[in-house]
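Let's take a walk through this structure together, one region at a time. Please keep the sequence and the 3D view open as you read.

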Amino acid sequence: MQRPRSRSFSWPLLLLLLSLSVMLGTAWKAHQLSRQQRQTAEQLLRDYAAFAAWSYQEQLSNALQEVAWQVVNPVMHRQLHQVANVPDAHDLVGYRAQSLRDCRCDSLTRPDTYFAFVLGADTLGTAGVPLASAASSAVVRSLTHHLRDPGDQPASRMGIIGPFPEVPSLVAYSLMPTVRLDTVVYGFVYDRASLAPTFSGLLATGDLLPKAVSRGRRNQDMLALQVLDQNEELLYRDANWPAGTLVAEERLPARAGGLIVRTTVRPEAASALVAGGFSRVQLPVLFGVVGLALLMAIVGVVQLRRENQLARIRSDFVASVSHELRTPLAQIRLFLDTLRLKRYNTDDQRDWLLGHLVDNVLQFSRLDHDGAGRLVLERVDLAQMIGETVEAFAPLAHSRRVEVDTRLAEGLAATMDPARFRQLLLNLLDNAVKFGPPGQHIGVTLERTGEHGLLRVTDQGPGVPESEREAIWEPYYRGASAERAAVGGSGIGLAIVKDAATRMGGRVGVEAAPGGGAVFFVQLPLVPEPATPAATNGSHE
């Protein structure tokens with residue numbers, strides 16, 4: 001076949017690939033921008049959640065300490081208590097009632113059990129809901145340890161601790177030192193059931209976000225809440241707490257029990273809190289657009305390839321027709337020269353010549369159709385067939401001042417299609433004449449090699465480079481020597497030689513000739529009959 005041609009620069013294909021690249025780049029940039037926008041929005045929502053958590057813990061700390069103050073305010077002396085009558089746990093009930101009357105208010109958080117004891121003693125006085133013995137011991141033990149061994153920071157005069165395993169609620173306390181140099185501890189246990197309304201009430205009534213952000217929306221419509229104790233045991237959680245990662249956490253001061261507050265922005269409120277909305281990364285849409293663009297690009301490339309293939313087929317068709325016409329026309333010229341020289345004098349001879357010419361042209365036209373056509377096999381004397389073909393080729397050789405020398409071993413016969421073999425040899429001779437210089441000597445030899453007959457055609461041309469010795473047998477291939485010498489033809493002659501030899505059980509090849517040129521050889525199986533080779537030498541101009 002022809003040497004691979006450099007493809008012409010395809011502007012439509014380039015524009016198509018450029019458009020696809022722009023589409024892919026735009027889709028990727030849109031994906032990146034969407035991700036950045038989402039990350040910015042998520043960070044903003046985390047900031048809102050963190051601000052809300054901080055605001056809530058401040059309000060919750062104040063609320064819990066306010067309840068404690070309502071109970072223990074009367075006994076929180078800055079000076080030592082000097083009255084002989086020391087208040088007990090029952091007095092605390094009245095103190096709380098009086099505080100509520102004075103402020104004309106009420107509190108959702110209620111004490112459950114009031115208590116009083118002297119620090120260092122084991123006896124705990126209670127009022128309200130009685131405590132079990134284990135719970136009373138736990139309150140005394142925990143408060144004593146907390147007040148006498150407060151750790152890094154000194155214990156405050158009023159604070160909140162808990163819960164404990166024996167007392168599953170918060171415990172508020174206050175200290176009242178006396179002139180007797182002892183300290184009375186007053187306090188109460190929060191009603192655990194009243195804590196949940198306190199937590200939810202603060203969420204409903206407090207301003208947890210700036211008004212410029214909330215814009216009149218309720219906290220419970222924007223935020224969700226969790227409250228845990230200092231041991232991270234759950235005290236309260238919104239019923240609609242979302243499963244998300246945008247959670248902010250704040251811890252109450254130790255004097256307020258060290259409770260943990262967690263807030264998050266509700267997903268349904270996220271778009272309203274972020275300017276421009278909270279867009280999601282539309283990966284399916286982007287992939288769909290890119291896929292559609294890729295499909296269109298593939299269709300465009302297929303159409304361009306089909307167009308190029310059609311153009312290549314047209315070009316190959318013209319080249320093939322040119323080559324297929326040139327060699328039969330050369331045969332017609334040979335036979336016309338034969339008729340002109342009156343080598344066929346009778347009408348029967350001329351009729352046979354014309355029929356044989358037509359058969360050759362038809363056989364040649366079928367050679368390039370995957371070996372189409374059935375071989376007509378018969379026993380052929382190789383030396384006789386080669387001699388007749390060389391003799392018929394002589395006029396064409398004479399026109400180029402080429403001399404064809406033959407050395408043919410006699411007695412070699414093969415089973416073959418004579419028309420195919422004749423065409424094979426004519427193509428080799430025509431190839432030798434085309435690529436050799438005018439006035440050259442072409443050698444045609446036949447000899448036995450084992451069970452095969454070996455036909456060689458030697459020319460004095462430029463030869464065939466070793467790198468091209470396999471490719472020249474392919475259809476339409478034109479070697480470097482053909483292009484340098486501007487030799488006509490489309491390069492199917494040697495492909496016809498290989499096709500004919502292969503179909504008759506032989507093989508072909510090419511090698512360098514001694515002194516320059518090329519030797520094309522065809523090896524064919526011989527008829528298994530004993531034969532005595534004898535050389536016949538001749539010269540044809």
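Where is Arg104 found? This residue sits in the loop between helix H2 (89-103) and strand E1 (111-118). Please bear in mind that the model is predicted. Arg104 has a positive phi of about 50°, although it is not a glycine. Most residues other than glycine have a negative phi, and most peptide bonds are trans. With 79% relative accessibility, Arg104 counts as exposed.

Arg215 is another non-glycine residue with a positive phi, near 50°. Look for Arg215 in the loop between helix H5 (211-214) and helix H6 (219-222). Its relative accessibility of 66% makes Arg215 exposed. The backbone also holds a cis peptide bond, which joins Gly162 to Pro163 with an omega of about -5°. Pro163 belongs to the loop between strand E3 (158-161) and strand E4 (171-177).

Leaving aside residues up to four places away in sequence, Val227 touches a set of residues including Tyr56, Leu60, Phe199 and Leu259.

Aromatic rings come next. The structure holds six aromatic pairs. In one of them, the ring centres of Tyr114 and Phe188 are 6.3 Å apart and the planes meet at 50°, so the pair is tilted. This pair links distant parts of the chain, since Tyr114 is in strand E1 and Phe188 is in strand E5 (residues 183-190), 74 residues apart. Tyr114 is buried at 8% relative accessible area, and Phe188 is buried at 0%. Phe188 also pairs with Tyr190 in an edge-to-face arrangement, with 4.8 Å between centres and 65° between planes. Tyr190, at 1% relative accessibility, is buried too. Through these ring pairs, Tyr114, Phe188 and Tyr190 form a cluster.

Our last stop is helix H11 (residues 418-435), whose 18 residues reach 26 Å from first C-alpha to last, close to the 26 Å expected at 1.5 Å a residue. Of those 18 residues, 16 are buried, so H11 is largely enclosed by the rest of the structure. At the start of H11, a side-chain oxygen of Asp417 comes within 3.1 Å of the backbone nitrogen of Ala419.

Note on methods:
Residues numbered from 1 in each chain as written. Predicted model: local features only at pLDDT ≥ 70, side-chain atom pairs only at ≥ 80, totals over all residues. Heavy atoms only, no water. Helix = DSSP H or I, 4+ residues; strand = E, 2+ residues; numbered from the N terminus. Buried < 20%, exposed > 50% of the residue type's maximum accessible area, 1.4 Å probe, protein only. Contact = heavy atoms within 4.5 Å. Expected span 1.5 Å × (residues − 1). Polar contact = N/O pair within 3.5 Å; in protein donor to acceptor, adjacent residues only side chain to side chain. Phe/Tyr/Trp six-rings, centres within 6.5 Å; stacked < 30°, edge-to-face > 60°.
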